[in-house]
Amino acid sequence: MVDKKWFTDARFGMFIHFGLYSVAAKGEWYASIQKVSPEKYNEYFETFSPAHYDPAFYAHMAKQAGMKYAVLTAKHHEGFCLFDSAYTDYKSVNTPAGRDLVREFVDAFRAEGLGVGLYYSLVDWHHPDYPAFHDPFHPLRGSNAAQSEQCHFDRYLDYMHAQVKELCTNYGKIDLLWFDFSYEGHSGADWRAQELVDMVKSLQPDILINSRLEASGGSLGSLLTDSPSPWAGDFAVPEQIIPPFSLKTPSGHPVCWEACQTFNNSFGYTADDHAYKDAQTCIRQLTDCVSKNGNYLLNISPDGNGSIAPEIVKSLREIGRWMQYNGESIYGCKESPLPVSSFGCRVTARDNILYLHVLQQPVGPLPLAGIRPQDIRYARILSNGAEAEVLTKGWAAENYPDYTFISLASQSNETQPLPDPADTVVKIVLH
């Protein structure tokens with residue numbers, strides 16, 4: 001079984017959606033939603049020249065933010081390849097860009113010591129052998145242009161498998177392979193999934209593969225059962241949601257998972273989407289994931305020129321400042337083995353240490369359920385090392401003996417503001 005420890009230790013990664021849809025500036029599903037004609041979409045191919053596509057900068061920002069790995073869309077549903085594939089002319093090296101953008105990505109992120117992942121769409125709206133007319137998502141669905149199509153799906157599968165082999169052969173060690181996505185009629189064996197997984201593992205024995213050879217954004221696949229399929233993958237990928245609790249099989253076996261989230265409301269660059277999350281929101285989502293044994297894959301969406309929105313850059317830097325002092329409560333951490341809880345808090349854990357993430361200003365001392373004062377060796381605020389006193393006397397401790405109370409403030413000012421309003425972390429070391 002492949003070792004997932006580096007992945008579950010990392011906890012925080014960058015997703016990069018970039019392609020011809022970035023030029024359209026209406027999101028990565030624009031071609032499908034608007035039923036865009038191939039002729040119109042070809043305009044983006046003929047003029048694709050992202051002068052500011054700069055993986056070295058993306059990698060620098062990822063590392064500064066405390067991310068440990070990244071995933072780039074080598075090919076999205078539109079079928080356009082950011083890599084120099086021998087099996088298609090529909091690739092970045094044949095545009096005015098004239099560059100292998102996957103090569104630049106893997107080189108830049110490796111130079112920063114970050115893990116490298118590649119997204120590859122199983123779906124392809126450009127390939128002539130991918131069925132269009134009856135497909136629920138294809139831009140040409142139900143159209144006169146596709147009514148008399150003569151598709152040979154096995155020929156498409158040969159093409160798809162050959163491209164995945166290129167990605168696993170031509171770019172050195174790949175840490176993650178992020179497939180997307182399966183749906184009715186195109187799932188599991190329909191992709192020749194066993195053959196595909198066997199080939200990938202033979203070329204990249206240590207690679208982790210996600211669950212979407214049989215799952216979609218709205219389903220998590222058989223990983224959440226006690227009898228997963230041979231192509232169920234190594235980790236589930238809930239999309240645009242953080243599960244309300246850690247993911248486990250019916251028999252209670254933990255399931256490895258990663259929540260993929262957007263910085264605004266779109267994965268692909270959308271010019272009129274300015275609903276950017278601030279650093280506080282991202283920090284809290286990251287903490288929420290780790291407290292439930294999950295990873296957080298936060299998407300950036302470079303525009304058609306390859307630039308990142310200033311709002312995203314600002315938040316990444318602020319997240320990095322928080323991680324600089326509090327990363328200990330994220331890396332290598334997991335769900336608490338003890339049922340410790342408090343209103344407005346999350347708990348992450350490692351060995352005999354609990355990290356209490358205080359997300360809301362308490363009124364007076366903070367009450368903890370699920371732990372006794374005598375279980376605690378000491379408590380400190382992680383960012384500044386200040387003592388967080390475990391109270392054994394006073395009206396709170398006396399009136400509510402089933403709770404443990406921790407003071408986050410000096411005795412002279414019990415209501416002083418939290419050191420970090422985004423997430424103040426209290427490190428609790430147990431006996």
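Author: Y403 lies in the loop between α12 (395-399) and β14 (404-407), where helices (H or I, at least four residues) and strands (E, at least two) are DSSP runs numbered from the N terminus. The model is a predicted one, in which local features need pLDDT of at least 70 and side-chain atom pairs count only at pLDDT 80 or more, while totals for chains, interfaces and linings use all residues. Residues are numbered from 1 along each chain as its sequence is written, and side-chain values use heavy atoms, with hydrogens and water left out.

Y403 counts as partly exposed because its relative accessibility is 39%, the class between buried (under 20%) and exposed (over 50%), with a 1.4 Å probe and protein chains only.

Strand β15 (residues 424-430) is mostly covered, with 7 of its 7 residues buried. On one side these are T424, V426, I428 and L430, and on the other V425, K427 and V429, so that both faces are covered; in a regular strand the side chains alternate between the two faces of the sheet. Strand β10 (residues 353-358) runs antiparallel to β15 and is joined to it by 6 bridges, whereas strand β12 (residues 376-381) pairs with β15 in the antiparallel sense over 5 bridges, pairing requiring at least two DSSP bridges. V426 in β15 has L356 standing opposite, and I381 also stands opposite V426.

As for rings, the structure holds 30 aromatic pairs, counted when ring centres lie within 6.5 Å, with planes under 30 degrees apart stacked, over 60 edge-to-face and the rest tilted. F18 and Y53 form a stacked pair, because their ring centres are 5.3 Å apart and their planes at 15°. This pair links distant parts of the chain, 35 residues apart, with F18 in the loop between β1 (12-16) and α2 (20-24) and Y53 in the loop between α4 (38-46) and α5 (55-65). Both F18 and Y53 are buried. W29 and F137 form an edge-to-face pair, 5.5 Å centre to centre with 80° between the planes. W29 counts as partly exposed at 23% relative accessibility, as does F137 at 26%.

Technical notes. Phe/Tyr/Trp six-rings, centres within 6.5 Å; stacked < 30°, edge-to-face > 60°.
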